[in-house]
Amino acid sequence: MTYIIANWKMNKTAREAVKFIDALTDYLNNKKSISHHILIAPSTIHLPILSKSLSKSFNLAAQNIAFKDAGAYTGEVSAKMLSEYVQYSIVGHSERRCYFNEDHQILYQKLVMCLQHNITPIFCIGENKNDRDANNYLTIIRQQLNETLMLLDDDDLLKTIVAYEPVWAIGSGNAASLDQISELHTYIRSILFQRLGEKSNDIPILYGGSCNSSNTQSILTQNNVDGLLVGGASLDVVHFQKMIDMLDV
Ligand code: PEP
């Protein structure tokens with residue numbers, strides 16, 4: 001089953017979010033069958049209201065999760081709290097790493113929090129432009145995995161989703177090329193395979209970075225691409241629906 005995940009980031013008021021979800025629900029209700037995982041990651045503040053009108057055809061995800069379970073962490077929202085509303089959470093998005101200094105140690109703790117509360121982490125990795133230009137990107141990707149995800153035990157590792165998001169492609173309007181996507185997804189799969197063997201195929205590897213209705217199909221035809229993490233193009237419900245339709249082609 002292919003994944004398509006809408007990461008709304010810090011966009012949409014409650015009213016706008018509900019309008020989107022109502023429109024998406026109507027649209028999906030009119031489809032004969034839905035054989036994909038469709039997830040919406042709104043701002044945390046909208047999760048309670050959106051979870052009330054949630055249809056069976058899609059799920060909600062958190063965009064972020066606290067690195068501790070409870071206590072004096074002003075402004076944070078714990079995995080335990082979020083688990084009342086979501087079964088998934090994005091962890092380690094490059095914007096969190098960059099603007100909030102989330103390092104490997106914090107991200108590992110966030111992964112553990114998710115798994116302790118039965119939340120599937122959608123773990124983002126990706127090199128920045130300097131690493132790409134310096135031809136250093138494979139080392140960076142391996143390091144990002146080794147210092148976080150690969151520290152989990154096998155059972156937990158198998159409960160995760162990986163999202164490869166080259167930082168230079170995010171929000172740029174230019175997705176990575178198909179060759180670049182293919183190289184990285186094959187590389188990530190090989191790292192997981194070295195650890196888990198055939199079972200590693202159970203871990204979905206998603207691509208994110210300027211996906212839209214024009215490149216959805218071609219990206220999804222690449223080996224080891226099990227879905228998409230979509231930012232900007234997920235904000236417009238009609239555009240997002242168009243992308244969902246393309247998963248069937
Ligand atoms: C993202 O930030 O996760 C993302 C993929 O953004 P965009 O689609 O806008 O590049």
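**Cavity, pockets and ligand**

Analyst: In this predicted model, helix H4 and strand E5 (120-125) each supply at least two residues of the lining of the largest cavity.

User: How many cavities of 30 Å³ or more does the structure hold?

Analyst: The largest cavity has about 30 Å³ of space. Counting cavities of 30 Å³ or more, the structure holds 1.

User: Which charged residues line the largest cavity?

Analyst: The lining of the largest cavity divides into 3 nonpolar, 3 polar and 2 charged residues. Its members are Gly92, Ser94, Arg97, Cys124, Ile125, Gly126, Glu165 and Val167.

User: Which element gives the most residues to the lining of the largest pocket?

Analyst: The largest pocket holds about 530 Å³ of space. It is lined by 20 residues, and Met10, Gln63, Asn64, Arg96 and Phe100 lie nearest its centre. With 3 residues, the element that gives the most to this lining is helix H4 (residues 94-99).

User: How many residues of the second largest pocket's lining come from H4?

Analyst: About 310 Å³ of space lies in the second largest pocket, and 15 residues line it. H4 and helix H7 (137-146) each supply at least two of the lining residues. The largest share comes from H4, and that share is 5 residues.

User: Which residues lie nearest the centre of the second largest pocket?

Analyst: By class, the lining of this pocket has 5 nonpolar, 6 polar and 4 charged residues. From the 15 residues of the lining, those nearest the centre are Ser94, Arg97, Gly126, Asn128 and Val167.

User: Which class do 8 residues of the shell around the ligand belong to?

Analyst: The ligand is surrounded by 14 residues, and the closest are Lys9, His93, Glu165, Gly171 and Ser210. The shell has 3 nonpolar residues and 3 charged ones. The class with 8 residues is polar.

User: What percentage of the ligand's accessible area does the protein cover?

Analyst: An N or O atom in the side chain of glutamate 165 is 2.7 Å from an oxygen atom of the ligand. Glycine 171 places a backbone N or O atom 2.6 Å from a ligand oxygen atom, and for a backbone N or O atom of serine 210 the distance to a ligand oxygen atom is 2.7 Å. On its own the ligand has 290 Å² of accessible area, and the part of this that the protein covers is 95%.

How values were computed: Residues are numbered from 1 along each chain as its sequence is written. This is a predicted model: local features need pLDDT of at least 70, side-chain atom pairs count only at pLDDT 80 or more; totals for chains, interfaces and linings use all residues. Side-chain values use heavy atoms; hydrogens and water are left out. A residue is near a molecule or strand if one of its heavy atoms lies within 4 Å of it. A polar contact is a pair of N or O atoms within 3.5 Å; within protein, one must be able to donate a hydrogen and the other to accept it, and residues adjacent in sequence count only if both atoms are side-chain atoms. Accessible areas come from the Shrake-Rupley method with a 1.4 Å probe; for residues, only the protein chains shown count as cover. Ala, Val, Leu, Ile, Met, Phe, Trp, Tyr, Cys and Pro count as nonpolar, Asp, Glu, Lys and Arg as charged, and the others, Gly among them, as polar. On a 1 Å grid over the protein atoms alone, a cavity is a set of points where a 1.4 Å probe fits but cannot get out, and a pocket is an open set with protein on both sides within 12 Å along at least five of seven lines; lining residues have an atom within 4 Å of a point. Grid points are joined across faces, edges and corners, and a volume is the space filled by probe spheres set on the points. Helices (H or I, at least four residues) and strands (E, at least two) are DSSP runs, numbered from the N terminus.
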